[in-house]
Amino acid sequence: MADAILFNIAEAIILNLGSSALKEIGLLWGVKKDLRKLENTMSSVKAVLLDAEEKQLHNHQVRDWLQKLQVVVYNADNLVDEFQIEALRRRVMPGNKMRKQVCIFFSSSNQLVFRLNMSHKIKEIREALDEIKENRTFTLEDRYEEKELVSPISRETHSYVREEEVIGRDHDRKAILEYLVNVETIESVSFIAIVGIGGLGKTTLAQLVYNDDIVKKHFDLTLWVCVSDAFDLKPVIGKIIKSASNRSIDQNLELDQFQSRLREEIDGKKYFLVLDDVWNEDSTKWDSLSSLLMGGARGSRVLVTTRSEKVARVTRPFQVYHLKVLDQDKSWSLFEKQAFGQRVDIEKSDFVALGKEIVEKCKGLPLAIKSIGSILYFKTPKADWLFFKDNELAKAIQQEDNIIIPTLKLSYNHLPSYLKHCFAYCSLFPKDHKFEVQMLIKLWMAQGFIKADQNQCLEDIGYGYFLDLLWRSFFQEAEKDECGNIWSCKMHDLMHDLAILVAGTGSVLIDKDSINFDENLVHVSFPALAY
Ligand SMILES: Nc1ncnc2c1ncn2[C@@H]1O[C@H](COP(=O)(O)OP(=O)(O)O)[C@@H](O)[C@H]1O
Ligand SMILES: [Mg+2]
């Protein structure tokens, strides 16, 4: 689903082709006319991209067409980059110095070859674009980008639901605490599993318990490990050691050494370990880990969260806790916070009946409620709410049994295209990655995702983009520094799945199990193997 990204790239290409620096080089190299033609073709392609984006959801011909287009647009982008480098070189090395330096890099005949190559490339790209543009059996309408949806005022007043504002889980928290602290068990270390579908609030509940004072006092050591990916012994042990000692372990060490380090950390201590988001159904793997965990003092507990009952059973827990959806009242409270926040621009009472109908469709799932609430936060007339309920939401819910990915996808569909871009890029990070916000903004800048504006520096605009995504629930677990700026955040695992889905096959994170790649790969990331 590279379309939203294509739209921005096409826009940037057009902007650059029209810049005076590139026009100057075009004139100098005798390719001015070709560049202008390319600009025109690119403009007519761009005009239909937003429509294609919507249509491709239900039409695989449009999807294929967009994929072909993507290759050529990226080539055009590279071409413009080459021109820009040349323009930059001219700026930093003007006059004689420039001439001298260029002579060193390129002999005069090479320069000629270089120009010729460039002129061929422009022609090739333009022809390819023309061919793809014409070669379609479906119709696409010209559309222009929606204006920025978030007004500066709403940015200031909107309060997203913070972690400490967990709604309606007091009973669950107490029940889990009871198992952790008061229930007697035979084994020294015993297991509890929280089971429920994605987006239900398992991790949130585990966090509530983990941070509870009773737990802090009761256990000698508390450890948090997000398992998420493949359940291999070494990485899991590595993460437990890291949580205990706050230091990474050298991944080149043998498994034996991992095991003895783990024993050093936990043996003899009454510990509480959370293994969040476990997917492993292989009992042999689990048994190897659990035998290592047995060295803890009597009363130690391991809390596992998982989407699958089968996974829970593999851990042989003394208690399986089935987390329930939020009831209607709790769902409404969460929705109210998300959809209305501190808004003063609408009369809330007018929206209650309609809002309640919408909440009902979220089936008590906090993640769905949050993300639908965030969409509606940006809609003002009641007619827009009604349209959303009867059309988009109704369609999304029909699509699959599991409502969560379709509802999250709705939030994505509602993003302005420059934010779609930034969000999809996050698929290149591993699951449960802790994003450093400033670093992420720099990466967005490097990719050219951030639209310049005369009044603000790119970093500030990027931070605005980040806040938009956070408020719309694409990020969570935001941590602030002492000045109140958010410096880090995470992404829910289902949001990460959505990012992968929308980024398409052109972006890939390579891990040891990756085997097949798309020939038109554009973004690749290699996560470090440190635990
Ligand atoms: N009871 C709740 N009140 C408010 N927000 C919640 C609640 N439960 C979950 N959330 C929010 O919903 C999202 C998904 O919750 P999470 O615990 O990550 O789900 P799971 O681990 O079951 O997939 C998170 O953004 C979380 O902050
Ligand atoms: Mg979770």
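Start by selecting ligand 1 and the shell around it: 19 residues surround the ligand, a residue being near a molecule if one of its heavy atoms lies within 4 Å of it. The closest are I167, G199, T203, T204 and Q476. This is a predicted model, in which local features need pLDDT of at least 70, side-chain atom pairs count only at pLDDT 80 or more, and totals for chains, interfaces and linings use all residues. Residues are numbered from 1 along each chain as its sequence is written, chains are lettered from A and ligands numbered from 1 in the order in which they are written, and side-chain values use heavy atoms, with hydrogens and water left out.

Next, show the polar contacts of the ligand (pairs of N or O atoms within 3.5 Å). A polar side-chain atom of T204 is 2.5 Å from an oxygen atom of ligand 1. G199 places a backbone N or O atom 2.8 Å from a ligand oxygen, and G201 has a backbone N or O atom at 2.9 Å from an oxygen of ligand 1. Ligand 1 taken alone exposes 560 Å², of which the protein buries 96%; the areas come from the Shrake-Rupley method with a 1.4 Å probe.

Now colour helices α9 (202–210) and α17 (366–377), the elements that give two or more residues to the shell around ligand 1. Helices here are DSSP runs of H or I with at least four residues, and strands are E runs of at least two, numbered from the N terminus.

Which domains give residues to this shell? Domain 2 (152–165 + 326–413) and domain 3 (170–322) both do, so the ligand lies between them. The domain bounds come from an automatic or database domain assignment.

Move on to the open sheet of five strands, ordered β2-β3-β4-β1-β5 with parallel pairing; two strands pair if DSSP finds at least two bridges between them. Select β1 (residues 189–195) and β4 (residues 300–306), which pair in the parallel sense over seven bridges. Here F191 stands opposite V302 in β4.

Last, find the open sheet of three strands, β6-β8-β7, where the pairing is antiparallel. Its edge strands are β6 (435–436) and β7 (476–480). Strand β7 pairs with β8 (residues 486–490) over three bridges.

Key. Polar contact = N/O pair within 3.5 Å; in protein donor to acceptor, adjacent residues only side chain to side chain.
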